[in-house]
Every structure is written in structure tokens, then in C-alpha cells.
Amino acid sequence: MHGFDYKDIYIEDGKRVLEVNILPEKYCNFDCIFCPIGRSENKIDTQIAFGNMNDSVTELKKIIEQTNAELVFINSKGEALIHDQIYNIIGFIKNEGLPVRLLSNGYLLNRKDYIKIANLCDEVVGELKVITEDAFQKVQRPIQGYTLSEYISNMANFRKQYKGKFIFEVTIIRGYNDDEESVQKLKNVIQNISPDKLIIVRLEEEKFQKKLGITDECLIKITNMLQNVSLKYKSF
């Protein structure tokens, strides 16, 4: 059994956000070379049991009360959907009267059981880090049989039926998606997914900056280009 891990509470859009990791270590369906947590020794996309959660949920309740949290963000070490108690954990938070945000890389959002879990949440975050199949296989090192096109379509199809707020986070990586052709492909993906909110980020960890980081100017330029696409489709 393990307890949950928490980050210090912070303010976002006027709300007190409590971030919680529900996994004891990294469990993920990807093994990205630029993951700040490190290698995926437990590469998995099916649910696994981590023991009795009663003490962890009791602790979560206390921390929610102590911090006066207004939103709980499940941001775990890997893919939180593989936790066999995540449905109940989300349900508990909702019963406390708080909205839930769930971070998923997004690949599993095509499976009925996982869709049911994600649909419980008020906000779901999906991600995209590369834009070609070769790069997807090379640097994100997914479970065998995964493809980039399915990855994108899984998020797009989930978004169509989802009633909450879908947030799409795109990471710009030097040499992988920062050129003109890649940005155009990203525009097409954004139009296809049609997220409620678009976030453009870069790799901030110092160990990745030298080879994979982009400049402030590049980030601003690409952000403006992609945010403009987001605003255009929302204006119709």
C-alpha cells in the first residue's frame, strides 16, 4: 500500500488547485525519452491493483479540508487511468463537492471503461509531443502496436462525446515539431480535436534543454500561430 503524493496548493484562474499523484511509481503506456520521471519500467495499459486505498482517501479528505482546495488535479507518475481504483477516487472527490481535472496522455481515451472514468471528470487533459509516426515510435516508445494516427483519433473521438472541458497540451520540441511543416500538421490536429483550451509548452527540465529545448522567441511565435487556429474554429 502507498499514500498519495501532493504538490503545494497553487492558484489558477482564481481557484485553489490541489495536485495529487495516485501512483506509487511510474506506470505508463509510453516510455518517452524526455520524461522528467525517467524510464517506464512498468509499461502497461491495463488496470492494476495497488492495495487498499482507505488510508490514502482519508488522507486526501484531510488535505482537501486543510488546504481549502477548490479543484483537485489528478496528475500522476505516468497514466493515472491504469489505477484500478481511479473511478472510486474520482467519485470520492466529486462527493466532496469539488471538480476534478484528470491528466492522461490521451491514448487510452478510446476504451469504454476508460471513457466512463474520464467522463466523470470536469476537465480532462490530453497531450501531444511529436507529429510524425517515426518520431512517435522513436522518442515516445509506446506499447507495441500503438500508432500516432490512432493516438490522435482517440482524443478527437473522446472530445466529440465529452461534456466537460477538454484541454489539449502540445509540447514543442526542437527538431521534432518546431519547423513550418510540423506546425501546419499541429494546426490540423488542433482543428480535428477542437479542444476547449489549448496549452503550448516546451521542455523545461535542464537536462533536456540543450538538445531538445526551444528559445523564448520560437515558443512565442508557434504559440501565437497555434492559438490563432484555436480562436478561429471557436468563432464559428
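Reader: Let's start with L226; which residues is L226 in contact with, leaving aside its neighbours within four places in sequence?
Author: Bear in mind throughout that this is a predicted model. With those neighbours left aside, L226 is in contact with I172, V183, L186, K187, I190, L198 and I200.

Reader: And which residues of the largest nonpolar core touch the most other members?
Author: That core has 77 residues, and the ones that touch the most other members are I22, I74, I93, L128, F166, F168 and L226. Helix α5 gives the most to this core, contributing six residues. There is also a second, separate core of six residues, and among its members are V17, L71, L103 and V125.

Reader: Okay, α5 then: how many residues does it have, and how far does it reach?
Author: Helix α5 runs over residues 148-161, which makes 14 residues, and from its first C-alpha to its last it reaches 21 Å, close to the 20 Å expected at 1.5 Å a residue.

Reader: Which of its residues are buried, and what covers them?
Author: In α5 the buried residues are L148, Y151, I152, N154, M155, A156, F158 and R159. The cover over them includes the helices α3, α4 (133-140) and α6 (180-193), together with the strands β8 (123-128) and β9 (165-172).

Reader: What about α2, which residues are buried there?
Author: Helix α2 covers residues 86-95, and in it I86, I89, I90, F92 and I93 are buried.

Reader: Why would residues a few places apart point the same way?
Author: An α-helix has 3.6 residues a turn, so residues three or four places apart point the same way.

Reader: What covers that face, and what comes just after the helix?
Author: Among the elements that cover the buried residues of α2 are α1, β6 (71-74), β7 (100-103) and α3 (112-119). Just after α2 comes G97, which takes a positive phi of about 90 degrees.

Reader: Changing topic, where is L81, and is it buried or exposed?
Author: L81 is found in the loop between β6 and α2, and because its relative accessibility is 0%, L81 counts as buried. Apart from neighbours within four places in sequence, L81 is in contact with Q47, I86, L102, S104, L108, L109, Y114 and I117.

Reader: What does its side chain make a polar contact with?
Author: The side chain of D45 makes a polar contact with the side chain of Y146, at 2.7 Å. Not counting residues up to four places away in sequence, D45 touches N29, I82, L108, R111, Y114, I143 and Y146.

Reader: Last topic: how many disulfides does the structure hold?
Author: The structure holds zero disulfides. For C28, the closest cysteine sulfur is that of C32, and the two are 6.5 Å apart, which is too far for a bond. C35 is in no disulfide either, with the nearest cysteine sulfur, that of C32, 6.4 Å away.

Reader: Are C28 and C35 buried or exposed?
Author: C28 is buried, with a relative accessible area of 8%, and C35 is buried with a relative accessible area of 15%.

Definitions and conventions
Residues are numbered from 1 along each chain as its sequence is written. This is a predicted model: local features need pLDDT of at least 70, side-chain atom pairs count only at pLDDT 80 or more; totals for chains, interfaces and linings use all residues. Side-chain values use heavy atoms; hydrogens and water are left out. A polar contact is a pair of N or O atoms within 3.5 Å; within protein, one must be able to donate a hydrogen and the other to accept it, and residues adjacent in sequence count only if both atoms are side-chain atoms. Contact means heavy atoms within 4.5 Å. A disulfide is a pair of cysteine sulfur atoms within 2.5 Å. Buried means under 20% relative accessible area, exposed over 50%, partly exposed in between (1.4 Å probe, protein chains only). Helices (H or I, at least four residues) and strands (E, at least two) are DSSP runs, numbered from the N terminus. The expected span of a helix is 1.5 Å times one less than its number of residues. A nonpolar core is a set of buried Ala, Val, Leu, Ile, Met, Phe, Trp, Tyr and Cys residues joined through side-chain atoms within 4.5 Å.
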